[in-house]
Amino acid sequence: MNLDFAQLVPSIPYILYGVWVTLQFVAVSLVLGFLWGTVLSLFKIGKITILRWFADAYTSIFRGTPLILQMLLIYYAIPQLTGVDIGAFTAGVLTFALNSAAYISEIIRAGINAVDKGQKEAAMALGVPYRTMMLKIILPQAFKNILPALMNEFITLTKESAIVSVIGALDIMRRAQIVGASNYRFFEPLLLAGLVYYLLVMLLTLAGRVLERRLAKSD
């Protein structure tokens, strides 16, 4: 098979530095996606028709088109239309935050609807304002119900973040490609990249299970 992992050893630190880039990218995208997704979920369960239509149309568009197409549109089309250049990292964060928000909004909406209606009725009977009720009563209970789904979205985002290498972001995948192109040996660096992604996913899965157990103890 003509494999030579010895040639890969000097490049391992260079590839592993991409873990930091990937985690930065995923963390920022997840936070922005969660915040925007929460807003969209509130639009979907609200009584304002135009906001419900907007949230449903938004979700339909971002779930119905390829993620890579959305990223290329943001990275190439926005500079063409506005004359403002967008860096690869920024374009990737915007794409994944906007895309992830569509999925997270459905997860949160389902979690809110799963909360016993008596909680909302009791809060309304006590005169609790709608905003306070959602922030302090409904959403905390919904979060416990949707934690596994949110962790799954986090894991999916971590794996799919590899496509930012298409626009030149120096994440794990892009660095592995650069190392492969420098010595014309792609199997070894790509195998290392796959191992790093796998370990990241396993760590996230373990962290999610630990968090679930801690929340379960508070019931």
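Author: Let's start with burial: buried means under 20% relative accessible area, exposed means over 50%, and partly exposed is in between (1.4 Å probe, protein chains only). At 17% relative accessibility, Arg185 counts as buried.

Reader: Before we go on, what kind of model is this, and how are atoms and residues treated?

Author: It's a predicted model, where local features need pLDDT of at least 70, side-chain atom pairs count only at pLDDT 80 or more, and totals for chains, interfaces and linings use all residues. Residues are numbered from 1 along each chain as its sequence is written, and side-chain values use heavy atoms, with hydrogens and water left out.

Reader: Okay, how many salt bridges are there by the rule you use?

Author: The rule asks for a side-chain nitrogen of Lys or Arg within 4 Å of a carboxyl oxygen of Asp or Glu. That gives three salt bridges here.

Reader: Which residue does Arg185 pair with?

Author: Glu188, with the closest N and O atoms 3.1 Å apart. Glu188 is buried, at 3% relative accessibility.

Reader: And which residues are joined into one network?

Author: Lys44, Glu106 and Arg109, through salt bridges that share partners. Lys44 and Glu106 meet at 2.6 Å, N to O. Lys44 sits in helix α1 (residues 12-45) and Glu106 in helix α4 (residues 88-114), so this pair ties together parts 62 residues apart in sequence. Helices here are DSSP runs (H or I, at least four residues), numbered from the N terminus.

Reader: How far apart in helix α4 are Glu106 and Arg109?

Author: Three residues, about one turn of the helix. Their side chains form a salt bridge at 3.1 Å, N to O.

Reader: Is Lys44 buried or exposed?

Author: Buried, with a relative accessible area of 9%. Arg109 is partly exposed, at 27%.

Note on methods:
Helices (H or I, at least four residues) and strands (E, at least two) are DSSP runs, numbered from the N terminus.
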